[in-house]
Amino acid sequence: MSRLMQSLFVSAALLGSPGLLLSSNVLAAETAASNVFSQQEIEQLVAPIALYPDALLAQVLMASTYPLEVVQAARWRKANSSLKDKALEDALLKQPWDASVKSLAAFPDVLAMLNDKIDWTQKLGDAFLAQQKDVMDATQRLRAKAKAEGNLKDSKEQKVIVESTPTTVIRIEPQTEVVYVPVYNPTVVYGPWPYPSYVPYYWYPPSYAYAASAFSFTVGVMVGAALWGDCDWHHGHVNINVNHYNSFNRTTINNTNWTHNVDHRRGVEYRDKTTREQYRPQTNHREQSREAFRGKADQTRADLGTIDRADMQGQLKDLDRAELSQQLQNKAAAKPEHRDNQSNGSAKSGKKAKPVANPIAPSATHRDSAFSQPDHSQLARSARDRGASSQRSVSRPVRVSGHGK
């Protein structure tokens, strides 16, 4: 928002002017507009891949909506660089990534570029999710510029097809089953770049030998059914070749429409509220549930407000007293019955009821312990007591006076 607009908004707020409402509407409109990618931004984002074959371009656009899985797949591919053909396809089936990400494993250089420029990859995916037709239209504008500059034409690696019905679109297809990935500098191949504030990324593979020409190719790859995406230029979206998809992923889908799978987003936040609400409807559901609960709580508090609190507390006390009295009566009635049940149970089983243990008497364990470890001082005192008692019980002769003198 411009400083002039900010000044007007603040002034209107301070003065309580009717212009406040107009200013707030303008602010809301500008905020919404800031969430939309401009034409310059979108051309900056698609410039590095706009000259890819249609099927590979569609695959990259779909995979860019899952940036975290792109990073995981790039690391996995680097660690398993020797896998190829059937072994690579079998290994990919065991990976948890979206099918669009798996298919890029056949193009390790492309996967490496998406990983190395992950901030660009995420922006590309955000633009594709929010403004898919704008992304497709920007790609066609860039292809037209490259063709006008003489940098997009038929070769042994690709076919450039211009369709004029109903609108003019430029398609790029491989000449054979071998797919070649173009390598070029976007700031050169489209002619002078018109947006100095939005200079596009460019990336060369590590093994790439820079050529004098502005446009060249990497080594061709036989990918078979790994490329199952395509571009519907006239309707402005990507679609699916179900035969290739089913062959590569060993499944049986029959829907040619591509749909973003939020589960493969892996928690990566969406850029704007509109996209977030479109692909995370459960978030709205949670908010609705909270609102419903909040409404019920408000109604309950309102109902309680009509009750006499003193009367309610008195009823609760009376209820407590009655409940306590009933509990005591139940316990008193249950005691004799409990004893009777114990006696009857013993009689029926024929077993002798166990005597009630005297808590004062030493236990068997205590006795055993004491027996095995006698108290010698106690034993000695007992022996002395018994000797004294015996000596007292022995009668002594009575001395008679006069006898024996």
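Which residues lie nearest the centre of the largest pocket? In this predicted model, they are Ala106, Phe107, Pro108, Val221 and Val223, and the lining as a whole is made up of 31 residues. The space inside this pocket comes to about 560 Å³.

Several elements take part in the lining of the largest pocket. Those that give two or more residues are helix H6 (85-93), helix H7 (99-103), helix H8 (108-116), strand E6 (221-222) and helix H12 (242-249). Among these, H6 provides the largest share, with 4 residues. Sorted by class, the lining of the largest pocket holds 18 nonpolar residues, along with 7 polar and 6 charged ones.

A reader who has found this site can turn to the next one. The second largest pocket has a volume of about 330 Å³. Its lining consists of 17 residues, and Ala55, Glu173, Pro174, Leu227 and His244 are the closest to the centre.

Which elements each supply at least two residues of the lining of the second largest pocket? They are helix H4 (54-63), strand E2 (169-174) and strand E7 (229-232). The largest share here belongs to E2, which contributes 4 residues. By class, the lining of the second largest pocket is divided into 6 nonpolar, 5 polar and 6 charged residues.

Notes
Residues numbered from 1 in each chain as written. Predicted model: local features only at pLDDT ≥ 70, side-chain atom pairs only at ≥ 80, totals over all residues. Heavy atoms only, no water. 1 Å grid on protein atoms, 1.4 Å probe; cavity = no way out; pocket = protein on both sides within 12 Å on 5 of 7 lines; lining within 4 Å. Points joined across faces, edges and corners; volume = space filled by probe spheres on them. Nonpolar A, V, L, I, M, F, W, Y, C, P; charged D, E, K, R; others polar.
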